[in-house]
Amino acid sequence: MYYGDEILDDIRNRCNIVDLIGTYVSLKRSGAGYKGLCPFHNEKTPSFMVTPSKKMFYCFGCHKGGDVFTFLQDYENMTFVEAVQFLAEREGITLPEIEHNAEAKKRDSLRDKLFEVNALAGRYYYKCLRHPKGQVGMDYLKSRGINDEMLQKFALGYAPQSGGLYRFLKEEGFTDDVLKASGFFGYDERRGPYDKFWNRVMFPIVDRRNHVIGFGGRVMGDGEPKYLNSRETPVFDKGRNLYGINYLHGKLDDGLILCEGYMDVIAMHQAGFTNAVAALGTAFTDGHASLIKRMTDLVYVCFDSDNAGTKAAMKAIPMLRKYGIRTKVIRMEPHKDPDEFIKNLGRDAFEERIKNARISFFFEVDVIAKKYDMDDPSEKTKFMLEIADHIVEFEDEVERTNYIEAFAREYGARADDFRTMVIKQSAKRVGIDYDKRQEERVIKGHDLKEDAISEGQGILLTWLCEHPENFARLKAYVSPEDFIDEPYTQVAREVYGQLETTGQVDPAAILNHFEDVDTQAKVAGIFHKEMDGEEEKETRTISEVVMGLLKASLEYRSAHAAGIEEVQKLLEDRKRLQQLKIDL
């Protein structure tokens, strides 16, 4: 860990988790906690719970969970150290010097240096564009109609033909190890180090915290590739950042415009559409969709009108839909892209296109329809089957029904017949032969339940957390080693340790022992098992859980026994288990 448990616990205790998460999610009181719609996945019924007594959050839908640090890591894409520093500053806590191990110290030092290298490179390119040697770049940008305000706002620059960035950064005192890691340079045995970016207009890529993390470069002339982008580094992940995202703040009620390229975003901002962003020279990813979901529930896809742009839109729309983002498509015809459209038809015409944007589902239908001869009955049937398979991807039953009916109206099909087609495709996906009696079960999907033993281990730990007075009685029968799965075993050890020393359980503090965010989410889930509030039912449940847990533990140990002593111990434990049945 980077900081000691004491300082982490202090920050966690002082930071009101409800207040923190409440700035991102609308929360309402629910029993001992607060509920809201999960910010990490699409849902219409709240399953996201914040429990102040445990200093934890947990979503029963997507199983994201953790403490205040985990939330910022997941939601704001912060590193653990950044989350700690952010919350310490928020709560007025002075942090001690970081307790680095050698590897962590090296990693953090490199990240800090790379941020500095990128910032200096941005300044270098910015000055070069405004120098006589950058005139070719300035002429290009002016020919594209970019005004001085946008040149400054986006800090556009130029990488000269002769290079020079390497010499500049060496003079600033950076070592070759850092410069190699920055991705700006290539290394050749004969040539030595050389600038990868040269004779290119440069577009700095800035993250949400205003760090320059990479660059895109547009070649001047006919060189290849036309656009060259920074390779991924410890500070730059193409799949989790968007060009222009540093200009977006808070929740965007009017939505976000998703473009293809740097010039499109700049042209949109120049025309007053300051909610435009673009992917960074790569295909649209789940990481992009997750990032967008944190800012808005509405996206206008505004890709090029050519085949490549259409294909890119067809890939991006399902990803956005998966995250519960309502999506519309802005058509650019007769022009290729937003930049060209606005130059030729103006801002008002583009505003009109936004108002008339096509619902993404019908855009997809329009694209798919072009593959079939709609005058041929068999071809039309194939078309309808493909659309039916597409509708299966809608998870919400009401939404699915609405699209079934809307499609049937627009394409002259009988809604009941098309609904049956959708049900058959749904059944086919889950490997079930269609049967009318199965219709309701198939179309609603199947709930995947957690393994019974894992569920039992979680229930018992939740019960101990909420009823620590029962620990002395329980530990006579169940030890941490009876929790046979990880991370349950380690969590049980921590729970037992806390109860032995303090008599209480602090679930959030246990997260200090797990660095991986996904494991932290699983641990948070362990402490959010739902219990029946009625004492008699709860006691019966715990008795059944204890019996099941001990049986599973005996079976596991029997299968892994090595030696006569272990076998003898197992025989004794079997006798204890039989007696336990009577006691319980």
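Me: Where is Pro-225 found?
Reply: Pro-225 sits in the loop between β10 (212–219) and β11 (227–229). Helices (H or I, at least four residues) and strands (E, at least two) are DSSP runs, numbered from the N terminus. This is a predicted model, in which local features need pLDDT of at least 70, side-chain atom pairs count only at pLDDT 80 or more, and totals for chains, interfaces and linings use all residues. Residues are numbered from 1 along each chain as its sequence is written, and side-chain values use heavy atoms, with hydrogens and water left out.

Me: What is the peptide bond from Glu-224 to Pro-225, cis or trans?
Reply: Most peptide bonds are trans. The bond from Glu-224 to Pro-225 is cis, with omega near -5°.

Me: Which peptide bond has omega near 10°?
Reply: That value belongs to the bond from Glu-333 to Pro-334, which is cis. Pro-334 is placed in the loop between β15 (326–329) and α13 (338–345).

Me: How do I read phi at His-63, positive or negative?
Reply: Most residues other than glycine have a negative phi. His-63 has a positive phi, near 70°. His-63 lies in the loop between β4 (56–59) and β5 (65–66).

Me: What is the phi of Asn-199?
Reply: The phi of Asn-199 is positive, about 55°, although Asn-199 is not a glycine. Asn-199 is in the loop between β8 (192–195) and β9 (200–206).

Me: Is Asn-199 buried or exposed?
Reply: Buried means under 20% relative accessible area, exposed over 50%, and partly exposed in between (1.4 Å probe, protein chains only). Asn-199 is buried, at a relative accessible area of 10%. His-63 is partly exposed, at 45%.
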